[in-house]
Amino acid sequence: MPVTGRYAVQGAQVRAGLELWARRAGASILLEDDGSRPERAARLHPELLGRACRFVLGPYGSDCTRAVAGERREAVVWNHGAAADDVQEMPGVVSVPSPASRYLVALGHAVAALRPGAAVALVIAGGAFARFAREGLERAAGSLDLDLVAWFSFSDPPAKIAGARCDAVLACGPVKREIELFRSLAARRPDVLLGGVSPGLAAFPSLLGGDPEGLIAPVQWHPDLENAPELGPASAEVLADAEAAGPGELDYVAAQAYAAALIAERCLELARDDPLGVARALRTSTFFGAFELDPETGVQRAHRLSAIHWRSGGRELLLADAA
């Protein structure tokens, strides 16, 4: 998990989720910092397996998980923090979260709900995650009540992006780059609806250094989602445990790490010698949502993204099961 480096904010949530799972499961956990570096993550994974860990979760981030799965083709990679579609398709990867190709689709549904018929501009980073997200939205655009009118990169001047004739700007890129863009566009175009991946984090207001009122984001989980899980505690129980333990507000990053531990634990209970085979055939649900892997690609196909809207200092659930 990333204690340091560019994923450190998400790493704090990963730790909170895993510690809550371990407390309820009566398990001991060994946490190692990969520094948000793919090469270190790839080195740590076999080291932890060699230390007699029952299973190894993570790492976080598509780049780090891609590195682990590429080096560890004979091992199961319990994936809680990599959404890039190509990573989820790699041999041995068991993915809990929805793939990247659904992220901007969920945001598109949110825009359509708030501003039907909106003209939308996209600001997309380089890299596989953002490419899959963009391609997913472009495929779904015809079924959404919006119009994609402009495409930008994060290297484009904010003034150029602000000059686009649009009602909404959706961003998909690193947290820092998204925040810089939101600050600039909010000052230049207060009339435009802004959305991205980073506003889904509980720590977003402190990262932004201001009020995120009005921003929208896709989320893999929200505490107001109603479900009756087949496996593990319900969301209300997890939140009660969190309140008692005092780790602070949980977001979807914590929830997906917790859920990955539940899935790994169940697969090993059912077949210690073939947990991957069990995972490929498993259909179940946790408080995080549904779990089922596509039998041909290995991509998570049952879980659904939702969308939040920052209102009055909180992440209000805008749409459940948006994509």
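Guide: Let us begin with D156, which is placed in the loop between strand 4 (146-153) and helix 7 (158-162). Please note that the model is a predicted one.

Visitor: Why does D156 count as buried?

Guide: The relative accessibility of D156 is 18%. Buried means under 20%, so D156 counts as buried.

Visitor: What makes the pair formed by the backbone nitrogen of S153 and the side chain of D156 a polar contact?

Guide: The backbone nitrogen of S153 lies 2.8 Å from a polar atom of the D156 side chain.

Visitor: Why is A8 called partly exposed?

Guide: A8, a residue of helix 1, has a relative accessible area of 25%.

Visitor: Which residues of helix 10 are buried?

Guide: In helix 10 (residues 235-245), the buried residues are S235, V238 and A242.

Visitor: How do you know that the buried residues of helix 10 line one face?

Guide: Viewed down the axis of helix 10, the buried residues fall within an arc of 65°, so they line one face of the helix. These buried residues pack against helix 1 (8-25) and helix 11 (252-270). The face turned away from the buried side carries the exposed residues A236, E243 and A244.

Visitor: What follows helix 10?

Guide: Helix 10 is followed by G246, which has a positive phi, near 75°.

Terms used:
Residues are numbered from 1 along each chain as its sequence is written. This is a predicted model: local features need pLDDT of at least 70, side-chain atom pairs count only at pLDDT 80 or more; totals for chains, interfaces and linings use all residues. Side-chain values use heavy atoms; hydrogens and water are left out. Buried means under 20% relative accessible area, exposed over 50%, partly exposed in between (1.4 Å probe, protein chains only). Helices (H or I, at least four residues) and strands (E, at least two) are DSSP runs, numbered from the N terminus. The arc is that of the directions from the helix axis to the C-beta atoms. Contact means heavy atoms within 4.5 Å. A polar contact is a pair of N or O atoms within 3.5 Å; within protein, one must be able to donate a hydrogen and the other to accept it, and residues adjacent in sequence count only if both atoms are side-chain atoms.
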